[in-house]
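Work through the exercises below with the model open. Each task is followed by its solution.

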Amino acid sequence: YRVAGIADALRQMAALPDPVGEVVRGSTLPNGLELRQIRVPFGVVGIIYEARPNVTVDAAGICLKSGNAALLRGSSSAANSNAALVAVLRDAVAAVGLPADAVQLLDAASRDSVKELMRARGLVDVLIPRGGASLIRAVVEESTVPVIETGVGNCHVYVDAAADVPKAVAIALNAKTQRLSTCNTAESLLVHAAVADTFLPPMLAAFAEAGVTVHGDARVA
């Protein structure tokens with residue numbers, strides 16, 4: 001089921017419009033000179049990430065879709081799965097006439113590969129850390145390669161005063177319990193005071209039935 005989902009997500013990505021060469025904005029100056037901002041690839045994108053092997057396929061797919069080569073360094077806990085997935089990706093890339101090395105996986109057995117990737121300035125064009133706060137901080141502080149810093153999570157669901165209460169309960173419950181392991185699982189629930197008395201009783205009951213522990217302020221408690 002999970003492998004089928006990973007493959008389906010890749011097919012959806014492949015069906016998206018090609019971003020390379022897209023004109024974002026532009027204008028013509030009074031002297032006739034045309035200025036255009038156009039999307040172009042970075043080149044070689046290094047990605048250091050933790051946890052789930054589906055990220056391996058997502059990252060490689062996004063890089064290829066945008067005309068980049070992907071240099072992947074996953075976690076040691078998913079090393080065998082990552083290796084199997086990258087082998088399939090490399091075969092698929094080669095089958096359509098692209099170089100298989102457009103997707104490469106670094107050895108996850110040693111932390112040395114992370115250090116070398118962070119210092120491969122001139123070989124790697126940009127580095128993206130994806131994981132916890134300590135990983136992101138280490139990459140930002142120690143890398144000589146340009147880094148795109150990502151967030152560390154703490155995903156919020158906000159319920160407005162005008163919300164449809166049954167729908168909001170269903171959305172918040174799904175956001176917390178649909179798949180616990182993902183990094184976009186809801187961690188904080190913010191409720192407008194004007195709808196709290198209507199929304200919180202069914203919401204707390206639904207969370208209790210699902211086995212979710214809720215930590216709240218005095219009014220919630």
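**Exercise 1: a helix pair**

Task: find which residues of helix 2 meet which residues of helix 3, and sort them by type.

Solution. Thr56, Val57, Ala60 and Leu64 of helix 2 meet Asn82, Leu85, Val86, Leu89 and Val93 of helix 3; contact means heavy atoms within 4.5 Å. Helices are DSSP runs of H or I with at least four residues, strands are runs of E with at least two, and both are numbered from the N terminus. By type, the contact residues are seven nonpolar, two polar and no charged (Ala, Val, Leu, Ile, Met, Phe, Trp, Tyr, Cys and Pro count as nonpolar; Asp, Glu, Lys and Arg as charged; the others, Gly among them, as polar).

This is a predicted model: local features need pLDDT of at least 70, side-chain atom pairs count only at pLDDT 80 or more, and totals for chains, interfaces and linings use all residues. Residues are numbered from 1 along each chain as its sequence is written, and side-chain values use heavy atoms, leaving out hydrogens and water.

**Exercise 2: the whole protein**

Task: count the helices and strands, then compare the radius of gyration with the globule rule.

Solution. The protein has seven helices and eight strands. Its radius of gyration is 22 Å, well over the 17 Å that the globule rule gives for 221 residues, so the protein is more spread out than a compact globule. The radius is taken over C-alpha atoms, and the rule is 2.2 Å times the number of residues to the power 0.38. Along the principal axes, the C-alpha atoms fill a box of roughly 60 × 60 × 35 Å. Among contacts between residues at least 6 apart in sequence, 60% join residues at least 24 apart.
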